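Keep the structure open while you read.

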Amino acid sequence: MEKSQWYVGAPNGVVLCVDRMKEGHPCGRLYHSYSREALPFSNMDEMLFGMEQLYDFLRFPYPATNTRTFTAGRQEKTASGKERTKLMKDRELLGVQGDLGTFIVRVQHRQNSSWQGRITWMEEDRTLCFRSIWEMVKLIASAVETAGKDEDGEKEPSWFEEPKVGP
């Protein structure tokens, strides 16, 4: 099978490796070009905050809304002065794999206090666009669900699957 969707492509592209589900939460590792070390996560919140920190560090994609603070006179300095040097090549990033699923996430915009972009499920070589963080989370969750069976014993449809038409 040709892996046509297997590319990181953007400076902020990440590879998510989901290794297991623990109490309904995905656990795994997050990889990006600016660190040789994986960022482990034990739930979606940790994964999302890790990605948000990367985007703030890169200042890409630039957020359409600014973070608000209620502390008088104290504003955190941005990471604009820090060196942004790639330490891993795309080929290295694409070589990592999760036990339950591996996803390439390319966030193109941070608008409306959310993210918009593309996600590729590497095991299935399927790419979909997402319009919000919530939609991206649901795509990942539906892809790694292993106990998704209905009363008839059939697998529940995943967001990555083509919808069935007809009887």
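Some ground rules first: two strands pair if DSSP finds at least two bridges between them, and the strands (E, at least two residues) and helices (H or I, at least four) are DSSP runs numbered from the N terminus. What you're looking at is a predicted model, in which local features need pLDDT of at least 70 and side-chain atom pairs count only at pLDDT 80 or more, while totals for chains, interfaces and linings use all residues. Residues are numbered from 1 along each chain as its sequence is written, and side-chain values use heavy atoms, with hydrogens and water left out.

Now the sheet. It is open, has 6 strands with antiparallel pairing, and its order reads β3-β2-β1-β4-β5-β6. At the edges sit β3 (39-41) and β6 (126-130), each of which pairs on one side only. On average, neighbouring strands are turned by 25° against each other, direction ignored; axes here are lines fitted to C-alpha atoms, for helices over the stretch in contact, and angles run from 0 to 180 degrees between N-to-C directions.

Take the β1 and β2 hairpin next. These strands pair in the antiparallel sense over 8 bridges, and Val15 stands opposite Tyr31 in β2. There are 2 residues between the strands, and Glu23 takes a positive phi near 55° in this hairpin. From β2, another hairpin leads through 6 residues to β3; 3 bridges join these two antiparallel strands, with Leu39 in β3 as the bridge partner of Leu30. How covered is β2 (residues 25-32)? Mostly: 6 of its 8 residues are buried, where buried means under 20% relative accessible area, exposed over 50%, and partly exposed in between (1.4 Å probe, protein chains only).

Further along the sheet, β4 (residues 101-109) and β5 (residues 116-121) pair in the antiparallel sense over 6 bridges. Val105 has Ile119 in β5 as its bridge partner. Helix α3 (residues 133-144) packs on the sheet, touching β1 (14-22), β4, β5 and β6, and its direction makes about 150° with that of β6. Contact means heavy atoms within 4.5 Å.

What about the nonpolar cores? A core is a set of buried Ala, Val, Leu, Ile, Met, Phe, Trp, Tyr and Cys residues joined through side-chain atoms within 4.5 Å. The largest has 27 residues, and Leu16, Met47, Met51, Phe103, Val105, Met136 and Ile140 touch the most other members. Two or more residues come from each of β1, α1 (44-58), β4, β5 and α3, with α1 giving the most, at 8 residues. Apart from this core lies another of 10 residues, among them Val8, Val15, Tyr31 and Leu94.

Finally, the aromatics. Rings of Phe, Tyr and Trp (its six-membered ring) pair if their centres lie within 6.5 Å; planes under 30 degrees apart count as stacked, over 60 as edge-to-face and the rest as tilted. That rule gives 3 aromatic pairs. The Tyr34 and Phe57 rings have centres 6.5 Å apart and planes at 70°, so this pair is edge-to-face. Since Tyr34 lies in the loop between β2 and β3 and Phe57 in helix α1, the pair ties together parts that are 23 residues apart in sequence. Tyr55 and Trp115 are also edge-to-face, at 5.3 Å centre to centre and 75° between the planes, and both are buried.
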